[in-house]
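Colleague: I would like to learn how to read a structure feature by feature. Please show me the case first.

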Amino acid sequence: MSTPIAIIGAGVAGLSAAHALHAAGLDIQLFDKSRGSGGRMASKRSEAGVLDLGAQYFTVRDRRFAEVVAQWRQQGWVAQWSPNLYHFNRGQLSHSPDEQERWVGTPRMSAITRGLLGELPAHFTRRITEIFRSDRHWHLQDAEGETHGPFSRVLIAAPAPQAAALLGAAPKLAAAAASVQMEPTWAVALAFDTPLDTRVEGCFVQEGPLDWLARTRSKPGREDQPDTWVLHGSSAWSKQHLGLPKEDVIELLHGAFAELIGCAVPAPRFTLAHRWLYARPTQGHQWGALADGDLGIYACGDWCLSGRVEGAWLSGQEAARRLLEHLG
Ligand SMILES: Cc1cc2nc3c(=O)[nH]c(=O)nc-3n(C[C@H](O)[C@H](O)[C@H](O)COP(=O)(O)OP(=O)(O)OC[C@H]3O[C@@H](n4cnc5c(N)ncnc54)[C@H](O)[C@@H]3O)c2cc1C
Ligand SMILES: NC(=O)c1ccc[n+]([C@@H]2O[C@H](COP(=O)([O-])OP(=O)(O)OC[C@H]3O[C@@H](n4cnc5c(N)ncnc54)[C@H](O)[C@@H]3O)[C@@H](O)[C@H]2O)c1
């Protein structure tokens, strides 16, 4: 058996790379600090049903991504979501229909990464703290002090600040990753016993604390869920309120929601808040992926491209392509 390749991060980018490398006949091993796969496209099980707290949907612009999404659709992992869309601007809630195709995982966003993970070898609840070389191979150290290896190559598929911290052995790559600023997002879920009397199913919010809100049961595969809403704070508001206790975040975003939604909003029977520290890069890049073929270190993630699900998937493909190219 050949020496395997380590992939740190089992979000869309890491799993995209894992798939491409596995398909090329290479042994890979995935490591993630969380309890499961998905990263920022994870879904949380709760007493109010499954909640998509991170990525809400994705769009498709690239031909290669379109091909893979067609396969995901055939496998039953995704379906189109055509919400009744609104936008909120200058104190006005307005209907805002468009022609854009939007896709969601079914019956939850994490169905995609769960499908991609399949039977691939993965180690969860393993926060990697260091990558070091010994005997011409790479080894990983985790937060519990355990070492993993040997690996022939390492591919880091974590958000830029977390990738930068692991790229000490490749200073140029570390500097590029460290130059990427990522902004936080507070996410709040609210569940109501009585469905809200509104036609809104998704809303882009252009002022105030909120950035986006969505009605979970308007998404395919979630029709039977209670009336649950996911609200996202804007980057500016989330940054400003980064250290606020969750109860206060829920109260403030619930208040902003009640003010703009245009119908009576009773007290929710269930609430939840989640803070995404590295939610989105402040700007997109055209790097595809970062690579040092001589060292055998690669980095990928949404921050190497568009800061969206599509960008993450394409970046994983690009990292795998460059790794395979170096192998000859
Ligand atoms: C609130 C929110 C809303 C969004 N909405 C949309 C949307 O509607 N449409 C869209 O296209 N995109 C959206 N996005 C962006 C989208 O979720 C991301 O672009 C995409 O999921 C990023 O995938 P990734 O694999 O690059 O990174 P991630 O999903 O962040 O995966 C990185 C993985 O690395 C792991 N990790 C990090 N450090 C370590 C370490 N030291 N050791 C081990 N594991 C580690 C993490 O646990 C994580 O699982 C949203 C993001 C957020 C946060
Ligand atoms: N909160 C976060 O941390 C985070 C991180 C990454 C991406 N996102 C969001 O993910 C979405 C994905 O982007 P995309 O380009 O794939 O999707 P998209 O084409 O649906 O939306 C892109 C942007 O165009 C505007 N827009 C689109 N349709 C609109 C409509 N009908 N009415 C009014 N405005 C409209 C919105 O400002 C929206 O943010 C974006 O909304 C983005 O803000 C959020």
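Modeller: Start with a rule. A charge sits over a ring if NZ of Lys or CZ of Arg is within 6 Å of the ring centre and within 35 degrees of the ring normal. Here the charged end of K219 sits over the ring of W81, 5.2 Å from its centre.

Colleague: What should I know about the model and its numbering?

Modeller: This is a predicted model: local features need pLDDT of at least 70, side-chain atom pairs count only at pLDDT 80 or more, and totals for chains, interfaces and linings use all residues. Residues are numbered from 1 along each chain as its sequence is written, chains are lettered from A and ligands numbered from 1 in the order in which they are written, and side-chain values use heavy atoms, with hydrogens and water left out.

Colleague: How many aromatic pairs are there?

Modeller: The rule comes before the count. Rings of Phe, Tyr and Trp (its six-membered ring) pair if their centres lie within 6.5 Å; planes under 30 degrees apart count as stacked, over 60 as edge-to-face and the rest as tilted. The count is 13 aromatic pairs. One of them joins Y57 and W81, which are 6.0 Å apart centre to centre, with 50° between the planes, a tilted pair.

Colleague: Where in the chain do Y57 and W81 lie?

Modeller: Elements first. Helices (H or I, at least four residues) and strands (E, at least two) are DSSP runs, numbered from the N terminus. Y57 is in the loop between β4 (49–52) and α2 (63–74). W81 is in the loop between β5 (78–80) and β6 (85–89). The pair links distant parts of the chain, 24 residues apart.

Colleague: Are Y57 and W81 buried or exposed?

Modeller: Buried means under 20% relative accessible area, exposed over 50%, partly exposed in between (1.4 Å probe, protein chains only). Y57 and W81 are both buried.

Colleague: Why is the pair of F65 and W72 called edge-to-face?

Modeller: Their planes stand at 90° and their ring centres are 5.8 Å apart, so the pair is edge-to-face. F65 and W72 are both buried. They also belong to one aromatic cluster with F58, W77 and W313.

Colleague: Which residues are closest to ligand 1?

Modeller: A residue is near a molecule if one of its heavy atoms lies within 4 Å of it. Ligand 1 has 37 residues around it, and the closest are A13, D32, R40, Y57 and D302. For the shell, Ala, Val, Leu, Ile, Met, Phe, Trp, Tyr, Cys and Pro count as nonpolar, Asp, Glu, Lys and Arg as charged, and the others, Gly among them, as polar.

Colleague: Which atoms of S34 and Q56 lie by ligand 1?

Modeller: A polar contact is a pair of N or O atoms within 3.5 Å. S34 has a polar side-chain atom 3.3 Å from an oxygen atom of ligand 1. Q56 uses a backbone N or O atom, 3.2 Å from an oxygen atom of ligand 1.

Colleague: Which residues come nearest to ligand 2?

Modeller: Y57, T59, S96, D98 and T185 come nearest, out of 15 residues around ligand 2. A polar side-chain atom of Y57 is 2.6 Å from an oxygen atom of ligand 2. For T185, a polar side-chain atom lies 2.8 Å from an oxygen atom of ligand 2. The shell of ligand 2 holds 4 nonpolar, 6 polar and 5 charged residues.

Definitions and conventions. Polar contact = N/O pair within 3.5 Å; in protein donor to acceptor, adjacent residues only side chain to side chain.
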